[in-house]
Protein chains: 2
Amino acid sequence: MNHDQTVTAPDDTSATIERALATRDLPTITAELAPLTASDAIGVLERLGAKQRALVYRLLPKDRALEVFEGLDPTLQGDLVQALRDEEVASVFAELDPDDRVSLLDELPAAVATRLLHDLPPAERHLTAAVLGYPAGSIGRRMSPEYVSTRPELTAGQSLERLRARLDDAETVYTLPVVDARRRLVGIVSLRDLMTAAPETPVAEILRAPHSAQATEDAETAARRCADMRLLALPVVDAETRLVGILTVDDALWILEEAESEDQARIGGSEPLRRPYLSTPVRSVVRSRVVWLLVLAIGATLTVQVLEVFEETLEQMVVLSLFIPLLIGTGGNTGNQAATTLTRALALDDVRPRDVLRVLAREVRVGLSLGAILGSVGFLLASWAYGTPIGTVIGLTLLSICTMAATVGGAMPLIARIVRVDPAVFSNPFITTFVDATGLLVYFFIAQAVLGL
Amino acid sequence: MNHDQTVTAPDDTSATIERALATRDLPTITAELAPLTASDAIGVLERLGAKQRALVYRLLPKDRALEVFEGLDPTLQGDLVQALRDEEVASVFAELDPDDRVSLLDELPAAVATRLLHDLPPAERHLTAAVLGYPAGSIGRRMSPEYVSTRPELTAGQSLERLRARLDDAETVYTLPVVDARRRLVGIVSLRDLMTAAPETPVAEILRAPHSAQATEDAETAARRCADMRLLALPVVDAETRLVGILTVDDALWILEEAESEDQARIGGSEPLRRPYLSTPVRSVVRSRVVWLLVLAIGATLTVQVLEVFEETLEQMVVLSLFIPLLIGTGGNTGNQAATTLTRALALDDVRPRDVLRVLAREVRVGLSLGAILGSVGFLLASWAYGTPIGTVIGLTLLSICTMAATVGGAMPLIARIVRVDPAVFSNPFITTFVDATGLLVYFFIAQAVLGL
């Protein structure tokens with residue numbers, strides 16, 4: 001594609017863009033660029049310094065960006081890629097807030113993205129990935145651009161030759177994504193398949209349907225898919241299914257390990273530490289825990305209020321207060337059991353948010369069974385020690401609390417997922433607080449009814 | 001090695017062994033075999049039926065077992081391997097209790113082990129692994145015997161030829177263990193290295209030092225090593241570092257996923273389900289939870305007893321009972337935070353049991369900081385609502401409980417590991433119960449001291 005390269009952009013567009021650049025006013029630049037044709041845009045770009053050109057180029061919409069890139073002089077293409085990798089340029093986009101990012105940064109065309117990432121040391125990839133428009137936490141930030149691909153019309157022998165040329169620098173040589181002439185992912189072929197096939201076999205005959213991940217997809221979801229499918233590598237594509245990178249199983253493992261550390265920390269009611277325990281400063285450990293503790297303690301003032309309501313009942317029968325820790329403790333344990341099970345089932349994709357009614361139905365039954373067992377034991381022990389009326393209160397309360405706690409605990413993680421909160425955050429600590437307060441209400445209502453207070 | 005194959009074992013040895021076989025009295029057979037030479041043992045074996053021969057053979061000590069195997073007629077070798085795979089024979093060893101297993105079952109020689117496992121469908125490997133003497137939960141039960149190995153004196157080209165011959169059936173062709181003439185693991189070489197090297201390069205020049213796992217080692221530890229080292233496969237060796245199998249990264253992933261499900265379930269106070277949640281019968285879900293709930297509830301009767309001791313104090317000041325759920329809840333939360341963090345750090349090998357004193361020192365400081373913050377907030381709020389004396393009691397109690405809970409919660413998982421209990425079991429549920437009871441004691445002592453009751 002060749003474009004008329006004479007400068008056709010009106011001078012005032014260029015001037016406005018230069019003013020906007022000075023104040024980092026990206027939305028204005030986007031607005032100015034919108035009406036320009038590709039050749040107008042090239043004209044504007046050619047007037048700018050390297051870093052400014054990179055900033056402006058990155059704000060072009062995806063289709064225009066490809067046209068502009070292809071219309072640029074090859075030397076300028078190289079300069080542009082270099083400038084897009086520049087730390088200063090990258091940081092402008094890295095610091096965009098997420099909403100602006102979505103409205104301002106279209107994906108870069110795969111042709112540019114691939115050149116941009118190619119040959120970058122892993123340490124620098126992360127910053128550059130921000131330039132690509134892949135959100136934080138997405139697999140686009142974690143994938144490797146150093147893949148070896150092949151084409152359906154090449155033979156197994158030719159593919160092996162391609163691969164041999166990249167033995168030194170490719171992230172993996174054991175899985176080759178297969179792409180068509182427009183860089184679209186059409187399959188994968190393993191080195192084992194290439195070695196097994198006769199050298200003249202076309203790749204088209206031995207390729208397998210590819211599992212893949214979208215570059216903007218959550219890194220944990222993509223890593224889990226790589227693991228569940230037992231793949232050594234998962235190709236990563238852009239919104240047009242063009243290949244932009246690859247996720248290898250060893251990187252997937254690290255992503256999953258991080259995610260699981262995070263889940264466990266949240267189940268335990270603290271924020272994940274992000275570094276090995278012994279090398280985390282005590283101050284950071286305190287910070288990772290104190291917010292949740294305060295939130296939970298303030299939530300627990302609810303229990304103080306509930307008890308205040310029943311202060312008179314307590315004064316009449318102090319014996320009722322003896323069972324408070326046992327009853328709410330059992331409720332908390334029952335709720336946590338259910339919440340932990342469902343949080344894990346969600347993480348493993350064994351359960352989905354739309355199963356919420358089935359989960360509720362199951363947990364009601366589980367809770368009733370547990371309540372029946374614990375309630376019977378509680379009734380016998382408490383009757384023996386404090387007489388049948390107290391025994392009856394304890395038994396009935398355990399039955400009710402277990403049923404309620406299992407149901408709430410089981411439903412919470414699914415509801416968290418539905419409202420897009422990390423299920424691990426929303427589950428155990430909240431459940432404990434909720435179950436504590438509700439359990440006390442149930443306890444005193446039952447006590448008043450049975451004991452006639 | 002050739003042995004004199006005439007029968008030299010005294011008839012009474014044979015007779016004793018046959019009687020012991022009838023009653024499955026394995027220790028007697030071991031004792032009878034102990035004084036026999038290899039050729040005597042061959043004599044005894046030759047008199048027995050195929051299944052009985054397998055049973056007796058398996059009870060030979062490792063060095064003798066190799067000599068006997070090599071002394072057997074090749075047809076008999078084949079029959080013996082076949083019989084060792086027999087379900088009935090395998091089940092005799094599978095049902096041995098762990099102590100008997102250790103005293104009776106030496107490892108099989110690698111030469112026999114490899115033949116025994118070779119070509120077995122994965123479903124049957126598990127049972128056969130029991131015959132090999134690898135304990136339940138060991139990596140020997142999970143590894144694959146279908147590896148392709150090479151030798152240091154072979155060239156890269158020759159190794160590639162070996163590999164090509166196994167493309168269809170090997171578990172992985174991307175990592176080749178390198179073994180010497182006595183089958184001892186001396187290195188590993190990747191397919192990528194083999195392809196990069198000139199075909200005439202000896203493997204000795206390109207092999208890397210191998211990471212490996214002992215077949216008797218815990219499966220989770222081995223899988224974690226495979227993941228941490230970012231290996232595609234980890235060779236598995238016997239006690240004499242002879243190669244017996246390979247663990248591939250995809251199998252390592254499954255092992256880690258199971259282990260993490262188990263940890264999370266235990267942190268949540270239930271037994272792991274071992275199958276997807278929705279397909280687990282409600283009855284099994286109840287069973288996975290009820291035992292822990294009962295144990296914890298019975299533990300919680302401790303809190304009833306503590307409160308009973310202070311019943312008089314409670315009667316004097318019912319207001320004290322209002323704070324019970326809040327105080328023990330905060331203690332439980334603080335303890336669980338510490339326990340979860342340390343359980344995870346242990347699983348990731350970030351912390352080891354011998355770090356217990358460093359962990360204690362850190363958690364005391366963390367607990368004091370958390371206690372100071374929560375205690376101040378508690379003091380202010382409670383003073384405002386119930387007056388300074390009550391505020392002082394609440395503030396001091398929060399300070400003490402947080403310090404104690406963080407320390408106990410941090411130390412528990414390490415102590416569990418030291419006494420060889422799963423840290424996840426021993427941590428959160430127990431901590432909650434312990435902290436509840438201790439916290440109440442602290443609360444009432446402080447209340448009596450401050451309020452002069």
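In the predicted model, 100 residues of chain A are in contact with 100 residues of chain B (contact: heavy atoms within 4.5 Å). Residues are numbered from 1 along each chain as its sequence is written, chains are lettered from A in the order in which they are written, and side-chain values use heavy atoms, with hydrogens and water left out.

The size of an interface is often given as the accessible area lost when the parts come together. Chain A and chain B bury about 9100 Å² between them (accessible area, 1.4 Å probe, lost on being put together and summed over both parts). Carbon and sulfur atoms carry 64% of this area. In chain A, the most area is lost to chain B by Arg192(A), Gln264(A) and Tyr277(A). Together they account for 9% of what that side buries.

Eight salt bridges are found across the interface of chain A and chain B (a side-chain nitrogen of Lys or Arg within 4 Å of a carboxyl oxygen of Asp or Glu). Arg224(B) and Glu257(A) meet through their side chains in a salt bridge, at 2.8 Å from N to O. Polar contacts link 30 residue pairs between chain A and chain B, both residues at pLDDT 80 or more (N or O atoms within 3.5 Å, one able to donate a hydrogen and the other to accept it; residues adjacent in sequence count only if both atoms are side-chain atoms). On the side of chain A that touches chain B, helix α16 (residues 282–309) of chain A contributes the largest share, 16 residues. Helices (H or I, at least four residues) and strands (E, at least two) are DSSP runs, numbered from the N terminus. That side of chain A divides into 55 nonpolar, 20 polar and 25 charged residues (nonpolar: Ala, Val, Leu, Ile, Met, Phe, Trp, Tyr, Cys and Pro; charged: Asp, Glu, Lys and Arg; polar: the others, Gly among them).

In chain A, three strands form an open sheet of mixed pairing, ordered β3-β4-β5 (strands pair if DSSP finds at least two bridges between them). β3 (213–214) and β5 (243–248) of chain A each have a single partner strand, so one side of each lacks a neighbour in the sheet. Strand β4 (residues 233–237) of chain A pairs with β5(A) in the antiparallel sense over five bridges. Pro235(A) stands opposite Ile246(A) in β5(A).

In chain B, an open, mixed sheet has the order β3-β4-β5. Here β3(B) and β4(B) pair in the parallel sense over two bridges.

Conventions:
Predicted model: local features only at pLDDT ≥ 70, side-chain atom pairs only at ≥ 80, totals over all residues. Buried area = accessible area lost by both parts, 1.4 Å probe.
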